[in-house]
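Here are my notes for you to read with the model open. Have the sequence at hand too, and look up each residue as it comes up.

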Amino acid sequence: MGNTNSIPVISQVKSLVQFAGGDSAGALATQEDFAYRNTFPVVSQIASAGYAIGGEMDKARDLQEKFAMDMERVINTIPVAGHIKGGVHYALGQEEEGEEAMKAASRSTGVVLGGIGGFVAGGPPGAVAGGIAGGVVADGIITGSDIVAKGKDGAKPYGYIAVGHEIANAAQGNEKITIEEGFDMALLPVGDGVGGYSGGRLIGKPLGLKPGTVAKITGKEVSVNAVDDVVLKPKSGVVPKQIPPNQLSVLEQQLLDNKANQLNPNHIKSGPGRPAGYKGIASKADLDNHANQLNPNNLAYEQSRIGNIEPINA
């Protein structure tokens, strides 16, 4: 699972790209890896069982050792778990393994945090973009920290920074990028986008974070869930949909609670700075306006209760 040759579908697409690019030998090698040296969970165990049944115990054992190494690399990429694993390696004096785990876990953390931020700002597309951006930022921080700790000569570029170095060297004629390497490079942002989306959906939602937009409500900027739950209309208030109470955001619940208080004649205030009940001067214009504010079908009804809502990114 630690390499693209072991992943179903992706491995086949990779072979197709290699074959289309004229690398038929590479395409065949990729599928041989997928069929006989696959470290993907379950597939690896089935292949090892086949080797064992056929009496090839060395191949069966070798494949499971590779599977264990790939699983170790997967654990390295899990935020928190990878950091703990890295700390254990450092405690045991395994500096190289500890550094590898720390870098991988920190990079994944950047991708997930970027995905959560992007999900809140722009929903699923924002989560994908945020995951990629988080990966870029994390790679820059990791590479920069490595330069500070080891010097420019001893540091190794990481992630997108490493890809950029390889592309630059290839452009200068110092090295050649194979079709296989190019395919793996192209999958880097794809993996980050998937990671960002997963982080936004799986972590953002349980935390109560929902995709939304920034709106201006009575002069203050707040986050409003405009994608799923409400429709914003410039200068005309907010029109909520019918939503189960357990799915309301904190802001939406506060708006509904405040509206209930404003309609309650026994409540002390019916709005910021306004006492409950009608306290007008009883002129015709004032009475007409008060009637409009009490009419749910009039725009003044919502404006008098929630305030004028004007989306910033409408």
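Predicted model: local features only at pLDDT ≥ 70, side-chain atom pairs only at ≥ 80, totals over all residues.

1. Now step back into α5 itself, which covers residues 81-91. Which of its residues are buried? They are G82, K85, G86 and H89. Look down the helix axis and you'll find these buried residues within an arc of 100°, so they line one face of α5. The general idea is handy here: an α-helix has 3.6 residues a turn, so residues three or four places apart point the same way.

2. What about the other side of α5? The face turned away from the buried side carries I84 and A91, and both are exposed. As for the buried residues, what covers them includes α4 (57-76) and α6 (95-154).

3. Let's take α6 next. For α5 and α6, the angle is about 165° and the axes are 8 Å apart. Angles over 145 degrees count as roughly antiparallel, and that makes α5 roughly antiparallel to α6. The crossing of α5 past α6 is left-handed.

4. Which residues make this contact? On the α5 side they are G82, H83, G86, G87, H89 and Y90, and on the α6 side E95, E97, G98, E99, A101, M102, A105, S106 and T109. By type, the residues of the contact split into four nonpolar, eight polar and three charged.

5. From α6, the residues in contact include R107, V111, V112, F119 and A127, and from α8 they include L188, P189, G193, G196 and Y197. The residues of this contact divide into 12 nonpolar, nine polar and three charged.

6. Zoom in on A127, one of the α6 residues in that contact. Is A127 buried or exposed? It has 0% relative accessibility, so A127 counts as buried. Leaving out neighbours within four places in sequence, A127 is in contact with G115, G118, F119, G196 and Y197.

7. Next, have a look at Q18 in helix α1 (residues 10-20). Q18 has a relative accessible area of 1%, so this residue is buried. Setting aside residues up to four places away in sequence, Q18 touches D23, S24, G26, A27, T30, I179 and E180.

8. Finish with A35, which lies in helix α2 (residues 24-36). With a relative accessible area of 44%, A35 is partly exposed. Where is A47 relative to A35? These two are 12 residues apart along the chain, and their C-alpha atoms are separated by 8.1 Å.

How values were computed:
Residues numbered from 1 in each chain as written. Heavy atoms only, no water. Buried < 20%, exposed > 50% of the residue type's maximum accessible area, 1.4 Å probe, protein only. Helix = DSSP H or I, 4+ residues; strand = E, 2+ residues; numbered from the N terminus. Arc of directions from axis to C-beta. Contact = heavy atoms within 4.5 Å. Axes fitted to C-alpha atoms, helices over the stretch in contact; angles between N-to-C directions. Parallel < 35°, antiparallel > 145°, perpendicular 65-115°, else oblique. Left-handed = near helix turned anticlockwise from the far one by under 90°. Nonpolar A, V, L, I, M, F, W, Y, C, P; charged D, E, K, R; others polar.
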